[in-house]
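Please consider the following protein model together with its sequence. The briefing below is intended as a guided reading of selected residues.

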Amino acid sequence: PKAEIGVTGLAVMGSNLARNFARNGFVTAVHNRSYAKTQALLEEHGGDGTFVGSESAADFVASLATPRKIIIMVKAGGPTDAVIDELAELLEPGDILVDGGNAKFSDTIRREAAMREKGIHFVGCGISGGEEGALLGPSIMPGGSKQSYESLGPILEKISAHVDGAPCCTHIGTDGAGHFVKMVHNGIEYADMQLIAEAYDLLRRGAGLSPAQIADIFAEWNKGELDSFLIEITAQVLAQVDATTGGPFVDIVKDVAGMKGTGTWTVQTALDLGVPVSGIAEAVFARGLSSQGEQRAAAQQVGLPGPQEQWPIEDLDVFVATVRVALYASKIVAYAQGLDEIQAGAKEYGWDIDLGAVARIWRGGCIIRAVFLNRITEAYDTTAEKPLSLLFAPYFTEAIGGAQGPWRDVVAGAARYGIPTPGFSSALAYYDGLRAERLPAALIQGQRDFFGAHTYQRTDKEGTYHVLWSGDRSEVQS
Ligand code: NBP
C-alpha cells in the first residue's frame, strides 16, 4: 500500500515520530540521508506497525499516496533547506511538506512563500516534548495553510498527546505561526526553569535545606496549583544521589547552564516587537552568567563583598509556603509576558492565534505541561472580551493579589541576604510597572527632549511639543 505519511530524518526525534505514526495505524514511509538509520529503524522497530523504507528520496516520495504528506526532522538551518530543495524537485502541486524541526519562524515564512510558488503546502510545525514526546505523544503546533490542516490535522491530532480527550494539536495560524508559538513555548520554558531554580536556591541557601529535603517540598508542591512536569522532574533530579560520591547529584553537576538558542530567539524577537518579556530575558541572561567561567572564578578570587547576615528564618513552614506563593506569582507573570509576545507576533505577521487553544495544546506532551494551563484556557475561552493581559483575567488577578505579601517578602529578603533572584525580582518589577498609574517614563521623555529634541506629548492637550532647553526654556508646538 502507499504510505499515508512520510518522515525524513531518522535521528532521535524523527525515528520516534515515525514509530508513533506507525503505532497509531498509519502506513509510514521512512527515509534518512544515510540509509543506515533507516535500516536500524526497520530492524529494531519494524514490529511497531507498517513502515515503507526507502534508500533514495525519489523512492521515498514515490512510496507516498497523493497528496503526499512528508515531515522533515533534520537539523535546523542549512540541512533543512537542503532537504526542502531536494524534495521540492520531486513533489507535485497539492503535496504537503512539513518541517517539524526547531526552525526559526522567519525561515519558515521564507520557505512557505517559496514552496507556495510551486503549489506545495509548506507547514512549519513546532513539536515539543523531546524524544519521549515524539514517541508517546508530543504537543504539536502546526502553521501553514488552513487547507493543509484539513488533511494533515487529523493525522497529527491522532499522534499528539491527549488531555481530557482533547488532542494537544491545533492549527496555530498561517506560514510561520506554528514555529513562532513553539519558539515562545521554549522561552517560557526557560523562564519557568529559572524560577524553579531560584526557588531551590532560596530553600537551599536561604533556609539551609538539603537537596533531599527540597525534593520532598517540590513533590508536595506538585500536588497543588504548581502541578507540572517541570516541578515533578525537579523533585526527581533533587532526590537523585550520585553513585560516585554518594552525595546529592545536583552537587556534582557543573553549574553552567547550556542552551541551544530558542530562548535567545524569543528574546531577540521580543526586542524587535517591543514586548517586555523580562522573565524570559532574565532566564537567558542567568544561563549566560552561569557560563562566564573566567569572570566567576575571578569574582571568587577578588571576594566581591556581600551582606554579612544569614537569612533569619523563624518558621520554616511559613518560609517554604512564602517561596511557593512567590514562585507561582512570578510564573504567572512569565506566562503573561510570553502570551503577550504571541499576541504581538500575531499582530505583526497577520496571524489569527487563539491563545486559549495554545494553552490547551500545551497541557500535554510538552515540557511546560501544567495543570494551571487549564486556567489560561479558561481565561481566554470564557471571557467574552479577551483580556489584554493574562493578569487581567479574574483568576490570575486574584492569584497575584493573594501573593502580594509573600512575593514582596521573598524578593526583599533575597536582596537583603544576597541570593540572586532575577526571575522573581523582574516579575515583580514588571507587575509594579504595569499597575502604576504614572511611570517615570515622563522624566525620560523630558531627558530625551532636552538632549535630542525628541519632543513629547502632554497629558492635558493634543499635539507634539518641545521645550527650547538651550534658549528661554519656553514650550513650542512642533
Ligand atoms: P539532529 O538535529 O541531530 O539532526 C540529525 C538528522 O539530520 C539526521 O537524520 C541527519 O542525517 C540529518 N541531516 C543533517 Br545533520 N544534515 C543533513 C543534510 N544536509 N541533508 C539531509 N539530512 C541531514 O536530530 P534530532 O535531535 O532528532 O532533531 C531533529 C529536529 O527536531 C531538529 O530540528 C531539532 O531541533 C528538533 N527538535 C529536537 C528535539 C529534541 O528533544 N531533540 C525536540 C524538539 C525538536 P544523517 O543521519 O544522514 O546524518
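The points that follow are grouped by topic.

The structure is a predicted model. UniProt, in an unreviewed entry, lists a set of residues under "binding site", including His185, Tyr190 and Arg287.

**Residues listed in the UniProt record**

- Under "binding site", the unreviewed UniProt entry gives Asn102, Ser128, Gly129, Gly130, His185, Asn186, Tyr190, Lys260, Arg287, Arg448 and His454.
- These residues do not all gather at one spot, because they span 353 residues in sequence and the farthest two C-alpha atoms are 48.6 Å apart.
- From this set, Asn102 belongs to the lining of the second largest cavity.

**His185**

- His185 is part of helix 8.
- The relative accessible area of His185 is 0%, so this residue is buried; the cut-off for buried is under 20%.
- Beyond its neighbours within four places in sequence, His185 makes contact with Ser128, Trp362, Cys366, Ile367 and Ile368.

- Helix 13, which covers residues 278–290, contains Arg287.
- Is Arg287 buried or exposed? With a relative accessible area of 13%, Arg287 is buried.
- A polar atom of the Arg287 side chain lies 3.0 Å from the backbone oxygen of Gly258.
- When residues up to four places away in sequence are not counted, Arg287 touches Tyr190, Met193, Ala257, Gly258 and Met259.

**Aromatic rings**

- A pair of aromatic rings is described by two quantities, the distance of the centres and the angle of the planes.
- One aromatic cluster is made up of Tyr328, Tyr335, Phe372, Tyr395 and Phe396.
- Lys158 lies over the face of Phe26, at 5.6 Å from the ring centre.

**Gln337**

- Gln337 is located in helix 15, which comprises residues 316–349.
- The relative accessibility of Gln337 is 1%, and therefore this residue counts as buried.
- Not counting residues up to four places away in sequence, Gln337 touches Val275, Pro276, Val277, Ser278, Gly279, Ile280 and Tyr430.

- Thr174 is found in the loop between strand 9 (166–167) and helix 8.
- Thr174 has a relative accessible area of 35% and is partly exposed.
- Leaving aside neighbours within four places in sequence, Thr174 is in contact with Gly144, Gly350 and Trp351.
- Thr174 and Phe122 are 52 residues apart in sequence, and their C-alpha atoms are 9.8 Å apart in space.
- Asn222 occupies the loop between helix 9 (211–221) and helix 10 (229–239).
- At 15% relative accessibility, Asn222 counts as buried.
- The contacts of Asn222, apart from neighbours within four places in sequence, are Asp227, Ser228, Ile231 and Glu232.

**Backbone geometry**

- Most residues other than glycine have a negative phi, and most peptide bonds are trans.
- Which residues does a cis peptide bond join? The cis bond joins Thr66 and Pro67, with omega about -10°.
- Pro67 lies in the loop between helix 3 (57–62) and strand 4 (69–72).
- Asp175 is not a glycine, and its phi has a positive value near 25°.
- Asp175 is in the loop between strand 9 and helix 8, and with a relative accessible area of 15% it is buried.
- Thr455, likewise a residue other than glycine, has a positive phi near 65°.
- The loop between helix 21 (441–452) and strand 10 (465–467) contains Thr455.

Technical notes:
Residues numbered from 1 in each chain as written. Predicted model: local features only at pLDDT ≥ 70, side-chain atom pairs only at ≥ 80, totals over all residues. Heavy atoms only, no water. Helix = DSSP H or I, 4+ residues; strand = E, 2+ residues; numbered from the N terminus. Buried < 20%, exposed > 50% of the residue type's maximum accessible area, 1.4 Å probe, protein only. Contact = heavy atoms within 4.5 Å. Phe/Tyr/Trp six-rings, centres within 6.5 Å; stacked < 30°, edge-to-face > 60°. Lys NZ or Arg CZ within 6 Å of the ring centre and 35° of its normal. UniProt positions renumbered as here; feature names shortened; annotations may be inferred. 1 Å grid on protein atoms, 1.4 Å probe; cavity = no way out; pocket = protein on both sides within 12 Å on 5 of 7 lines; lining within 4 Å. Polar contact = N/O pair within 3.5 Å; in protein donor to acceptor, adjacent residues only side chain to side chain.
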